[in-house]
Amino acid sequence: MISFLLLALFSGNVFARLTSEEEAARDKGIELYKQSDWYDSQPLLQIAAKAGDRTAQYYLAEAIRLSKRYTTAEAKKWYEAAAEQGDLYAMLRLGDSDDLCGVIGTCEGKSAEQWRKKALKTAYERANNADTEAMIVLYTMGEGLRWLERSAERGNSDAQHFLAIIYKDGGGWFIIPGTRDKAVERYAKASAEAGYAPAMEFYANFLYDNKRPKKEIAYWLKKTAETGHLEALAAYALYIAHLPDGLDYPLNLVEAYGITYLISQLTGGGAVPEDARRSLPKIAAKMTPDEIQQGIAFSKQWEKTHPPLSYYPPVYGY
């Protein structure tokens, strides 16, 4: 589960200069990918991947792997393209010797061990030059919790979120009673305040679990929902519909219906859209036909004024 929480991808594409059309295709492809639409994202990502964009190459490889349930030769080709441009997570995928691709012999080229050695060498070089993302990769590769702690201490919000979860789950050493919970809160809050959506949701849940004031919990849930975080957004819609009235939000059926309707239109995977489709009649039962139409209009306005809906999946995860 912990590996699912790794969200950072090295940014920047120093080798590719995309046209506006290629960039738009990449961004839409990544948006669909982050909605678990691994099929429809592929044609769009391929446009930018062929133009040399390493982010598109990595996500295209991920979309192929997830849709096929293993690393195909086509996925490996795109991982290699991204890895040759320095993408550490692509190197890690190629270094996964347990992947079915290696077992059945459909992939050629460098061995998994060669790619793992390259990833480790590159990550150490970057980490020793204060690259906090490379520090996260070193932790992921089993080089010790100290690397994740260093990244978090240097302000990397992904690492802070990751570390908060590890501490909450019993990782690390804490001798004095209570210091573990304080460390969890410290890092979760720091990452949430930096605007990292998964950390914002985690922090809202931390506050709820620790019976903090409703006003504080409600603030962070709404902040998370406004990032387009699907789980938080769906929960927020039910709370403002008073299904249940657990956080003292004012009743707002039009907004609740609009948000739930918007989520219900997603065609990718995951349980959230299906749950939204089940929730719509419950909200609609409390509304007039005119209010329902207002809700649909609200959904279109929300879509224009907020970030795209997203599960915020980890870059190197499932």
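This is a predicted model: local features need pLDDT of at least 70, side-chain atom pairs count only at pLDDT 80 or more; totals for chains, interfaces and linings use all residues.
Residues are numbered from 1 along each chain as its sequence is written, and side-chain values use heavy atoms, with hydrogens and water left out.

Helix α15 (residues 253–264) packs against helix α16 (residues 272–284) at an angle of about 150°, their axes lying 8 Å apart. Because angles over 145 degrees count as roughly antiparallel, α15 is roughly antiparallel to α16. On the α15 side the contact (heavy atoms within 4.5 Å) is made by L253, A256, Y257, T260, Y261, I263 and S264, and on the α16 side by V272, P273, A276, R277, S279, L280, I283 and A284. Sorted by class, this contact of α15 with α16 has 11 nonpolar, 3 polar and 1 charged residues, where Ala, Val, Leu, Ile, Met, Phe, Trp, Tyr, Cys and Pro count as nonpolar, Asp, Glu, Lys and Arg as charged, and the others, Gly among them, as polar.

The two single residues come next. T227 is in the loop between α13 (214–225) and α14 (230–240), and it is buried (under 20% relative accessible area) because its relative accessible area is 12%. Leaving aside residues up to four places away in sequence, T227 touches A197, M200, P307, P308 and Y312.

K117, by contrast, belongs to helix α7 (residues 112–127) and counts as exposed (over 50%) because its relative accessibility is 55%. The C-alpha atoms of K117 and L92 are separated by 9.5 Å, with the two residues 25 apart along the chain.

Technical notes. Axes are lines fitted to C-alpha atoms, for helices over the stretch in contact, and angles run from 0 to 180 degrees between N-to-C directions. Helices (H or I, at least four residues) and strands (E, at least two) are DSSP runs, numbered from the N terminus. Angles under 35 degrees count as roughly parallel, over 145 as roughly antiparallel, 65 to 115 as roughly perpendicular and the rest as oblique. Buried means under 20% relative accessible area, exposed over 50%, partly exposed in between (1.4 Å probe, protein chains only).
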